[in-house]
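Subject: Handing over the structure

Hi,

Here is the structure I promised to pass on. Have a look at it first, and then read on for my notes.

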Amino acid sequence: MTNTKLIVSHAPFWHNGDSLFQQNLNFFIALLPAALFGIFHFGAPALGVLALAASSAMLWEVIMSALSKKKMAIADMESAVIGLLFGMMVPATMPWWVVITGTFIAVVLGKFVFGGTGGNPFHPTLVGLAILTMSWPAFLDFDTAYVSYQFDFTALAPLVALKSQGTSALASFSNYDLLMGNEVGGIGSTFGLGIIIGGIYLILKGYARWEIVASFIAGILITATLFFVLHPDTYAPPLFHLLSGYTLIGAFFLAVENSSSPVNRIPMLIYGFLGGFMIILVRNIGVYPDGTILAILLINLVNPLIDIIRPKALGKGVSNA
Amino acid sequence: MIKRSFFALSKPRLTYDLLDTSLQSAQELAVPGSLTLLLPEEIDSAKKALIGPGDAVKKGQKLKLYDDSTPYVLSPVAGTIKEFDSYSDDFGSTGTYIVVKPDPSAQGDDQWAQADLEQTLEFAADYLGQIPGALPVSTLTNPNYDIRTIVVTGADADILCDTCQFVCTAYAGLMVAGAKILKAMTRADRMCITVPENLSAQVDLDGFNVLRTSDTYPSNLPAMVMKDHLGKTLSPGAIPEDEGVCFIRPEALVSLAQIYETGHPVFDKIITLIDKGGKKYRVKATIGTPISKIFSCFNVQINERDRIIIGGPMRGFATYTAHHPVVPDMDTIMVQDSDVVPELLDNACVNCGECVRICPANIPVNLLVRYLEANLYEEAADRFDLESCIECGLCGYVCRARIPLYQYIRLGKHELLTLRENA
Ligand code: SF4
Ligand code: SF4
């Protein structure tokens, strides 16, 4: 026993087994229902885009880690999730070079320039999408993206239709259709039910904070209801807003990204609510049809400002010295 | 090891172990061929030492390095000093190992036979600083503290451990007697004892104010006991002693009673060994015994890359050698197989918030760790509540990025103290 090499490390000597890999794996699993539906719905091109988005994001991660001489963290699957989310939010017909440019922006500008995992103030996927929207909006136009497709439902992006035609367009979209994915949109962002199921799974597993999701949805519903009650002819009903566009994927998967969202309870509630509120403002008053990307980037921005609201630490303010 | 449950919406709950009643008594271990005594003072080659290798020592003899030193150890046996060695702990504090070779033929005339056993703190400070259970005499005699309440830790502070519970139940009579002696020595007018609320063993705790603590970690840690049972929330950086409260192991009281009853010093430390499978063994070993002797006594194999932990899984420390000696405050030794040693990484914090949600002291660990990593200790204390930490280790237990958070925090506190002392 004299020379047995022992491991010396520091307390605690137990760990609950959680890891970044577990977190990202669970995100991946939770995204699968909606992603699979997208493949089923939009066919082989959708599979191509998802695969390319996830793999190219991972490739950028490898290249960037090598260049910046950082530890390879590819096995944590973070980039895979960033890429998959990107793929799920774009049309199935997006050209390959746009996809890899998008994931490049997401991984490099969204994550690496901020020091990598944990440092990003914004959701990397959204950084990628936002820049694409600004530079090449045509590739994110869901109405033109699917012209060669034959659908047995209204092949118009609901929110765009709402913006251009006003509430008269609403008749073509039933809530049931929106929930079941009978709409055009991003590959994995149309199947509302799948997103909700995946999202709830993620919450139950403890990888998404329910406070953010719930307050985000509350923000949407409450704000939209206010508009709707005041001017039912001009504004769409709350459920339409909740079920269309990127709203659900935003609420369940994007707003909850760790690094860009608060950890304390009250800030989480404010953050989520503000996100939902902003989306409706953009849609009802602003110029963009959707607004989810913008709204979440905005709450990402204010996150550090609100996350300072936190409970008093033990013994703080006690004066029995 | 308790893993995250499949659904992890609610906070994980770590519970304390109740006394393992299948172990009725502690197995006595024979005095080994050589004892290592740990003296918290460094060898200073410029000074002339009072003792040296080759010197004969008597049982109970007080050993100290220099005339003006305060730290001392009592030799548990009669024998010869074989050698000195230096050691350093986790935080770089240094000291000296004194290796004593027992001589069975030497007569057991200890110095104590002549000494008057006085029931005073001065006597305790002089002779009882190293009794099994580690009576905190330096705290009790420190003029800066006015200790009025003594809390006996009948409920072990760390999970998995049950040594204190065992001592309380198996030696209740001696413990009560020891408490009376201690009360007579000190100015304490209140004697409390923590007992796990669901411990069914009936013990007569005469004269004690019984505090029933919950089974959820970390309710037995001093700061929590202060807050939940004594109604005193420690202000950041304060210790229970500042509030006149001193925490003492039940074994210290038992040793005290034995000493005053017999007139002889005692050196048998009760220890619980927890093997890789979680099985417990109870042993009584002479202070200074290398812990490897305890392993061989119970046929516990130690392999390459295993981990030997002194203390419990949340707050203990790992030793690099199986020759580490038994010391007065060692309650638990735990062996962990190399397979289950959790991997700690040098990831950056991903802001998942797990640590923030579990921290019983409401510390923003996610922000704190960024400052600790950057060695900004003053900021960490001023803005991110470093000093409110009660050192439970839960943040490290849940950290998703596997950052050694607890180590950062302990080190941070240590550095902060050093900074302030030098300021
Ligand atoms: S060790 Fe960690 S969890 Fe425990 S009190 Fe300190 S900061 Fe909080
Ligand atoms: S648990 Fe670890 S990764 Fe998560 S917020 Fe705390 S320090 Fe950061």
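One definition to start with: the radius of gyration is taken over C-alpha atoms, and the globule rule I compare it with is 2.2 Å times the number of residues to the power 0.38. Two bits of housekeeping as well. This is a predicted model, where local features need pLDDT of at least 70 and side-chain atom pairs count only at pLDDT 80 or more, while totals for chains, interfaces and linings use all residues. Residues are numbered from 1 along each chain as its sequence is written, chains are lettered from A and ligands numbered from 1 in the order in which they are written, and side-chain values use heavy atoms, with hydrogens and water left out.

**Chain B**

For 423 residues, a compact globule would have a radius of gyration near 22 Å, and chain B agrees because its own value is 22 Å. Its C-alpha atoms fill a box of roughly 65 × 50 × 50 Å along the principal axes. Chain B has 12 helices and 16 strands; helices (H or I, at least four residues) and strands (E, at least two) are DSSP runs, numbered from the N terminus.

Of the 423 residues in chain B, 56% are buried. Here buried means under 20% relative accessible area, exposed means over 50%, and partly exposed is in between (1.4 Å probe, protein chains only). In chain B, 68% of the contacts with a separation of 6 or more are between residues 24 or more positions apart, a contact being heavy atoms within 4.5 Å.

Chain B exposes about 17,600 Å², with 48% of that supplied by carbon and sulfur atoms. Accessible areas come from the Shrake-Rupley method with a 1.4 Å probe, and for residues only the protein chains shown count as cover. On the charge side, chain B has 39 positive and 55 negative charges, and their mean positions are 5 Å apart. Lys and Arg count as positive and Asp and Glu as negative, with His and the chain ends not counted; the place of a charge is NZ of Lys, CZ of Arg, CG of Asp or CD of Glu.

**Chain A**

Chain A comes to 14 helices and 0 strands. Its radius of gyration is 21 Å, close to the 20 Å that the globule rule gives for 321 residues, so chain A is as compact as a globular protein of that length. The box filled by its C-alpha atoms is roughly 80 × 55 × 30 Å along the principal axes.

Buried residues make up 56% of the 321 in chain A. Chain A exposes about 12,600 Å², and carbon and sulfur atoms supply 72% of it. It has 13 positive and 14 negative side chains, with the centres of the two sets 19 Å apart.

M278(A) counts as buried because its relative accessible area is 19%. Leaving aside neighbours within four places in sequence, M278(A) is in contact with A295(A) and L298(A).

**Where the chains meet**

How many residues of chain A are in contact with chain B? There are 48 of them, and they touch 79 residues of chain B. The area buried between the two chains is about 5,500 Å², of which carbon and sulfur atoms give 57%; buried area is the accessible area (1.4 Å probe) that two parts lose on being put together, summed over both. F13(A), W14(A) and L314(A) supply 17% of the area that chain A buries against chain B, more than any other three residues.

G315(A), in the segment after α14 (292-306), is buried at 5% relative accessibility. Not counting residues up to four places away in sequence, G315(A) touches T233(B), L234(B), S235(B) and P236(B).

Most residues other than glycine have a negative phi, and most peptide bonds are trans. These spots depart from that:

- A11(A) to P12(A) is a cis peptide bond, with omega near -10°; P12(A) is in the segment before α1 (20-42).
- Y217(B) and P218(B) are also joined by a cis bond, with omega about 5°; P218(B) is in the loop between β10 (209-213) and α5 (222-229).
- R305(B) has a positive phi near 65° and is exposed, with a relative accessible area of 52%.
- N375(B) has a positive phi of about 60°, in the loop between α9 (365-373) and α10 (377-384).

Cheers
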